[in-house]
Amino acid sequence: MPELPEVETLAAMLAERAAGREIARVLPVAVSVLKTYDPPLSALEGRTVTAAARHGKFLDLATDGPHLVVHLAKAGWLRWRDGLPEAPPRPGKGPLALRLLLAGPERSGFDLTEAGTRKGLAVYVVRDPQEVPGIARLGPDPLDDSFTLETFAGLLRGVRHRIKGVLRDQSVIAGIGNAYSDEILHAARMSPYRLASDLTEEEIAGVYEAMGTTLRSAVERSRGLAATDLKGEKRDGMRVHGRAGQPCPVCGDTVREVSFRDSALQYCPTCQTGGKPLADRRLSRLLK
């Protein structure tokens, strides 16, 4: 799933390539991705793109009229294209969900695509991004200057949930998902199972520092990359996430995994859990 660093980079790319240009056509292919009907999708046509921004994991293309807001979900992606075909795309079984064409002879714009059968890509046309329920519920952004150590400590106070889940909760902190929460906790040398309310002031400061360092480093690595290269950069930049069975780059221990119904977390026992493997109930049931 695209998370804060990838969406930040996509927003910067759209701001550079689309700002100041007129939207010629918006062509829906998979109508199911459209979650709003007023204003209609056609209200974007003839409008000038004024900016592109990120709200958590939401991508916001602002115009001098409505906003086009996109949540890429687990398997969605944005592909910038030059020389888009003149013939409109046909609905079918392919990954294409929506095409936006900018005015001009170069016929540039972007396609929104989604792989797989579990569809979650969502497109909203709104007058204000806060009209999108997922944006209205967002917690503070960890890259915002106002997100201080004191702010973070206040969010954790009295929260009796595992720190892994707290970092992923978009209503607590915006933009962090499964991958970067694994990376942050590895950098902080903390078990994903620790209760947020039990963390000491020193441990909270460690997670806060690891969060800023991990996210800013990922944004910096992705800066200037083409959209087609972002997924590979994210994968290559991971130290534990998605690397179960491989050696930890810090200590050499084997990276372990805990599986859940629809996701999995990865961690290093030596770096994070005192050398003890975490309980994996799903694996235990398979071995019985």
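**Loops and helix packing in a predicted model**

Q: Where is T36?
A: T36 sits in the loop between β1 (23-28) and β2 (49-55). Keep in mind that this is a predicted model.

Q: Is T36 buried or exposed?
A: Buried, because its relative accessibility is 17% and the cut-off for buried is under 20%.

Q: What does T36 touch?
A: Setting aside residues up to four places away in sequence, T36 touches V123, Y124, V125 and V126.

Q: Which backbone nitrogen lies 2.8 Å from a polar atom of the T36 side chain?
A: That of V125. V125 is also one of the residues that T36 touches.

Q: Staying with that loop, where is P39?
A: P39 is in the loop between β1 and β2 as well.

Q: What kind of peptide bond joins D38 and P39?
A: A cis peptide bond, with omega at about 5°.

Q: Which residues does M1 touch?
A: Not counting residues up to four places away in sequence, M1 touches E6, K57, A73, K74 and K234.

Q: How far apart are M1 and R194 in space?
A: They are 24 Å apart, C-alpha to C-alpha, and 193 residues apart in sequence.

Q: You listed A73 as a contact of M1. What is the phi of A73?
A: Phi of A73 is near 55°, a positive value in a residue other than glycine. A73 lies in the loop between β4 (67-71) and β5 (76-81). A73 counts as buried, at 9% relative accessibility.

Q: And E6, where is that one?
A: E6 is part of helix α1. With a relative accessible area of 2%, E6 is buried.

Q: What is E6 in contact with?
A: Apart from its neighbours within four places in sequence, E6 is in contact with M1, W77, Y180, L230 and K234.

Q: How do α1 and α7 pack?
A: Helix α1 (residues 4-18) and helix α7 (residues 227-237) pack at an angle of about 160°, and their axes are 11 Å apart. The two helices are therefore roughly antiparallel to each other, the cut-off for that being over 145 degrees.

Q: Which residues make that contact?
A: From α1 they are E6, T9, L10 and M13, and from α7 they are A227, L230 and K234. By class, the contact of α1 with α7 has 4 nonpolar, 1 polar and 2 charged residues.

Q: What about α1 and α6, how many degrees do they cross at?
A: Roughly 40°. The axes of α1 and helix α6 (residues 201-222) come within 9 Å. That angle makes α1 oblique to α6.

Q: Is the crossing of α1 and α6 left-handed or right-handed?
A: It is right-handed. The crossing of α1 and α7 is right-handed too.

Q: Which residues meet between α1 and α6?
A: L4, P5, E8 and T9 in α1 meet L215, A218, V219 and S222 in α6. Those residues divide into 5 nonpolar, 2 polar and 1 charged.

Q: Next pair: how do α5 and α6 pack?
A: Helix α5 (residues 178-187) and α6 have axes 8 Å apart and an angle of about 125°. They are therefore oblique to each other, and their crossing is right-handed.

Q: Which residues are in that one?
A: Y180, E183, I184 and A187 come from α5, and V207, A210, M211, T214, L215 and A218 from α6. The contact of α5 with α6 divides into 8 nonpolar, 1 polar and 1 charged.

Q: Back to loops. Where is G177?
A: G177 is in the loop between α4 (163-168) and α5. G177 is buried, with a relative accessible area of 2%.

Q: What does G177 touch?
A: It touches E3, K57 and R168, leaving out residues up to four places away in sequence.

Q: Last one: where is R189?
A: R189 lies in the loop between α5 and α6. It has a positive phi of about 55° although it is not a glycine. At 49% relative accessibility, R189 counts as partly exposed.

Terms used. Residues numbered from 1 in each chain as written. Predicted model: local features only at pLDDT ≥ 70, side-chain atom pairs only at ≥ 80, totals over all residues. Heavy atoms only, no water. Axes fitted to C-alpha atoms, helices over the stretch in contact; angles between N-to-C directions. Helix = DSSP H or I, 4+ residues; strand = E, 2+ residues; numbered from the N terminus. Parallel < 35°, antiparallel > 145°, perpendicular 65-115°, else oblique. Left-handed = near helix turned anticlockwise from the far one by under 90°. Contact = heavy atoms within 4.5 Å. Nonpolar A, V, L, I, M, F, W, Y, C, P; charged D, E, K, R; others polar. Buried < 20%, exposed > 50% of the residue type's maximum accessible area, 1.4 Å probe, protein only. Polar contact = N/O pair within 3.5 Å; in protein donor to acceptor, adjacent residues only side chain to side chain.
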